[in-house]
Amino acid sequence: MEKDILSPLSTFKEEVLDIYPKKVGKKRDKAIVFGDPDNIPQIQANVRTVPGIITQRGCTYAGCKGVVLGPTRDIINITHGPIGCAFYSWLTRRNQTRTDQYDTNYIPYAFSTDMQDSNIVFGGEEKLKAAIREAYELFHPRAIAIFSTCPVGLIGDDVHRVARHMMEEIGNGINIFGFSCEGYRGVSQSAGHHIANNQLYKHLIGRDDTVTGSLKYRINVLGEYNIGGDAFAIETLLEKCGIQLVATFSGNSSLDQFQTAHTADLNLVMCHRSINYVAEMMETSFGIPWMKANFIGAEATAKTLRKIGKYFGDESLCLKIEEVITEEMKEVEAAAQQAMKKTKGKTAMLFVGGSRAHHYQELFNELGMITLAAGYEFGHRDDYEGRRVIPSIVIDADSRNIEEITVTQDPTRYNPRKTKEEIEALTAEGLEFNGYEGMMAEMKKGTLIIDDLSHYEMEKLIELYHPDIFCAGIKEKFCVQKMGIPLKQLHNYDYGGPYAAFEGAINFYNDIEQIACCTIWKEIKAPWEKEAYVEATYAY
Amino acid sequence: MLLKHTTPKEIDRKSLTINPAKTCQPIGAMYAAFGLNGCLPHSHGSQGCCAYHRSTLTRHFKEPIVASTSSFSEGSSVFGGSANLVQAIDTIFNVYDPLIVAVHTTCLSETIGDDLTQIISKAAEEGKIPEGKMVIHCNTPSYVGSHVTGYSNQVVAFVKFFSTSTMKKRNAVNLVAGWMEPSDMREIKRMAKEMEARTIMFPDMTGVLDTGLTGKYTMYPHGGTTLSDMKATGDSRFTIGLGEYCTTDACIKLENKCKVKFEVVDIPIGLKATDRFVMSLSRHANVPVPDSITEERSKLLDLIADNQKYFYGKRVALFGDPDTLVPLTEFLISLDMKPVYIVTGTPGKGFDERMATLLKDIPEAKYMSGAGADIFRLHQWIKQEGVDMLIGNTYGKYISLDENIPFIRFGFPIADRAGHNYFPKTGYVGATNLTIQILNALMDYQDRTCPEEKVEFQM
């Protein structure tokens, strides 16, 4: 049956590529491939979008300020530029943060230098300095971050110099640092993630050796942004198992979490795309190994917990983890069975982000649904094909522009948590370190994998294959729904969630069941528009 | 507390904007471009601008907002975005087949000084613009003015590129719509029809950004000012601009280009602004005001008179755009409410002058526009002395929850409630909707906060 569903996909390329100008068609051809887990094909990814093609991609600033730094509550994030960038990134991602009455929380605030034409002509550094002074006078923050927008790079404002200058001027131990995350850098949000990772490493990680928390097994979860409370669900679950979450990068995070993150003994990487750089750097300088993890999907969550257990190699921890999994799975299975009545055999397409289009396939599998097509907005080849292809990725001009920082062993605090031999032994037991298999390894033969899906390709996918559910973001939502197909937003969860961990899986099942049960789609045709409609006549 | 770090203590703040009451020009240009039938807005800059504008507009309208971008890379930022725009034009016409592409600039392309006229003629010379299709443009540097300025600049571009005088005057009046909801435009057109006035509205987002669910998606819905109507604006007998900031420049341009005389009135929000609009349309379209309109007016008056005690003396804080704040403030005064704090991030003298006149009998009123006029400051004023009601976009929610103030959502963006797409705020009907919203919010607040023995069955 699955084969019947997948086989019509094989003509997709012929259906769409013709309309493009020749060169554009050639380029798009390389970004559209068919799944084959046994023989993973090469996909074109992380390359420039063709102007005018209508992409869903955003910019470097969005990846840096919006995604990675946005969820941290106690840094004053000043956007240096005209007003728009600060405005659009103000409370528009659902990265929740939980504070008590004494905690600092600047997330509901937008800070901008609101550059005017005179600043563009004469430079904006003085205005930025003054803005930092004013921010300090009003709020006395422990840290201020500066985010560069497009014109800043062009006119040559040096935000890093301003940061150093103001740190000295204000004193009091304040930490001020800048990000050269101008929107034109790179080819998508992805460049912004990288830039954010670099600065996190340079300016925050490792500044405080205080060991926080009381639990023995200490880990960080990287690439988890607490959309809809995902990080809360993960933290609750970890605590239940007796595992201390030292820092989340960066959902529900704080300065202290970043600064003490190096005291953890394992890094779990959720969104590989946005945060793998930090994982690598922390391993090099502090000796903390990292593993790819996934808390999206009940089975994936169980697998991830077992990985942690195995890593720490403590039997009582492993037993506790099994106990928690058994307990949680009862409710999960009941919910899945319930939802499955409505969802089994239905089809889904996922085009989102740099990891979610992969992770969420887990949840659809658990619902008995079939993923027909998937792709990332800003993933790289390794997110599709696995990290093994990294050495063969050609570094183009757009990637070369992004700073690569050299990281060395910390002279005093480098402490390999596992010896080489231990790592080898764990690897032999099935744990994978520093690895990510990518999305394609888990996609069925004959499915469609498309990078940086264009608006036109999206329309064609729906017109040709009528999936039961399409997963993407706010920009796509209403286009798809006008066509009578429900769209589930996987950037902001349609204001639902959490979807992570066992608790999240249940939420997701319920939400997808709700979508599958929604009856309004069946009412689109008015009674008089339906074929069977016969005009009534009066018989006299 | 959501905004727990806001204190009543103001400092002399000149450089830091906190919680802006404005955004940047290009989003206004993008919004206005949807008011032309068959038009695809195009953002000449980084991808992020286009993505942000589309997301923000989508959150507000809950409708497809599709626009293209020149996708600048670092290379284009150094060497100019000419190749990107030419390529974009080629791709757009091949794949998306719009009638018109409306290009607007961004701070990036403005800073590097891309010359759109020259780039677009290059695209035309290279045969990238099919016959019968058009690429128009406007300059919308993000570091000047606000989203309101961008809207105005796009509307000026419509006049510049399309309005044509054939020397044969038609008995029609142009209605240049300022930044309002499609539902507001629909109501204004309904009133004009009721008055049997022949009008051309531009831009006109009805039927574009308020479409139904039919199972079919089309990038270019049936609505929007048609190209032939847009051309014909040059032959109209008169132009009425609705909203000083958004439409004055377009009115002037049309007068200069096609000798169409004009008058700018406020967006018809509230009693008096609607009165002025009706009078203006009646005079310039040379049509009498029908009894049906007078009846709509009388029903509004009836509602206000019946509930006057609830409005009297209530202190109101509001933020938004000048073109809506001015008539809104005036209407609150008509309700005998007291607009005490009014803030817009959009700079301009017009706002300050109008406020000075409107608020002359409310000595405690404070208003501010442009630099330093942000929602943070408004909140500080509220903390200094409280208000009974807050009116503004969804960002006001955080203040209203912290301070426990009844809150009316008005402006852009409204991302957390439904209704603005359906219930107009313009005309007498819109003023009635607005009055009911204000009244119910005040009554709900009274019910929720009064002692149990004071809960009234009848209010």
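This is a predicted model: local features need pLDDT of at least 70, side-chain atom pairs count only at pLDDT 80 or more; totals for chains, interfaces and linings use all residues.

Residues are numbered from 1 along each chain as its sequence is written, chains are lettered from A and ligands numbered from 1 in the order in which they are written, and side-chain values use heavy atoms, with hydrogens and water left out.

**Exercise 1. Name the buried residues of H1(B).**

Step 1. Buried means under 20% relative accessible area, exposed means over 50%, and partly exposed lies in between (1.4 Å probe, protein chains only). Helices (H or I, at least four residues) and strands (E, at least two) are DSSP runs, numbered from the N terminus.

Step 2. The buried residues are Gln25(B), Pro26(B), Ile27(B), Gly28(B), Ala29(B), Met30(B), Tyr31(B), Ala32(B) and Ala33(B).

**Exercise 2. Describe the surroundings of Lys22(B).**

Step 1. Lys22(B) belongs to the loop between strand E1 (17-18) and helix H1 (25-33) of chain B.

Step 2. Its relative accessible area is 6%, so Lys22(B) is buried.

Step 3. Contact means heavy atoms within 4.5 Å. Leaving out residues up to four places away in sequence, Lys22(B) touches, in chain A, Ile83(A), Phe87(A), Asp114(A) and Gln116(A). In chain B, Lys22(B) touches Gly145(B), Ser146(B), His147(B), Gly345(B) and Thr346(B).

Step 4. A polar contact is a pair of N or O atoms within 3.5 Å; within protein, one must be able to donate a hydrogen and the other to accept it, and residues adjacent in sequence count only if both atoms are side-chain atoms. One of 2.9 Å joins the side chains of Lys22(B) and Asp114(A).

**Exercise 3. Place Ile100(B) in its chain.**

Step 1. Strand E4 (residues 100-105) of chain B contains Ile100(B).

Step 2. With a relative accessible area of 0%, Ile100(B) is buried.

Step 3. Ala33(B) is 67 residues away along the chain, and the C-alpha atoms of Ala33(B) and Ile100(B) are separated by 9.5 Å.

Step 4. Beyond four places in sequence, the contacts of Ile100(B) include Leu36(B), Cys39(B), Met134(B), Phe162(B) and Leu227(B).

**Exercise 4. Trace the pairing of strand E8 (residues 236-242) of chain B.**

Step 1. E8(B) is mostly covered, with 6 of its 7 residues buried.

Step 2. Two strands pair if DSSP finds at least two bridges between them. Strand E6 (residues 170-177) of chain B pairs with E8(B) in the parallel sense over 6 bridges, and Ala177(B) stands opposite Leu242(B).

Step 3. Strand E9 (residues 262-265) of chain B is also parallel to E8(B), over 4 bridges. Here Ile240(B) stands opposite Glu263(B).

Step 4. Together with helix H10 (residues 244-258) of chain B, E8(B) and E9(B) make a right-handed β-α-β unit. A crossover is right-handed if, with the strands pointing away from the viewer, the path from the first strand over the helix to the second runs clockwise.

**Exercise 5. Give the strand order of the open sheet of 5 strands.**

Step 1. The order is E5(A)-E4(A)-E2(A)-E3(A)-E1(B), with mixed pairing.

Step 2. Strand E5 (175-179) of chain A and E1 of chain B are the edge strands, each pairing on one side only.

Step 3. Strand E2 (residues 75-80) and strand E3 (residues 111-112) of chain A run parallel and are joined by 2 bridges; Ile78(A) has Phe111(A) as its bridge partner.

**Exercise 6. Identify backbone exceptions.**

Step 1. Most residues other than glycine have a negative phi, and most peptide bonds are trans.

Step 2. Gly497(A) and Pro498(A) are joined by a cis peptide bond with omega of about -5°. The bond from Phe412(B) to Pro413(B) is likewise cis, with omega near -5°.

Step 3. Asn226(A), which is not a glycine, has a positive phi of about 60°. Asn226(A) lies in the loop between strand E6 (217-224) and helix H11 (230-241) of chain A, and is buried, with a relative accessible area of 0%.
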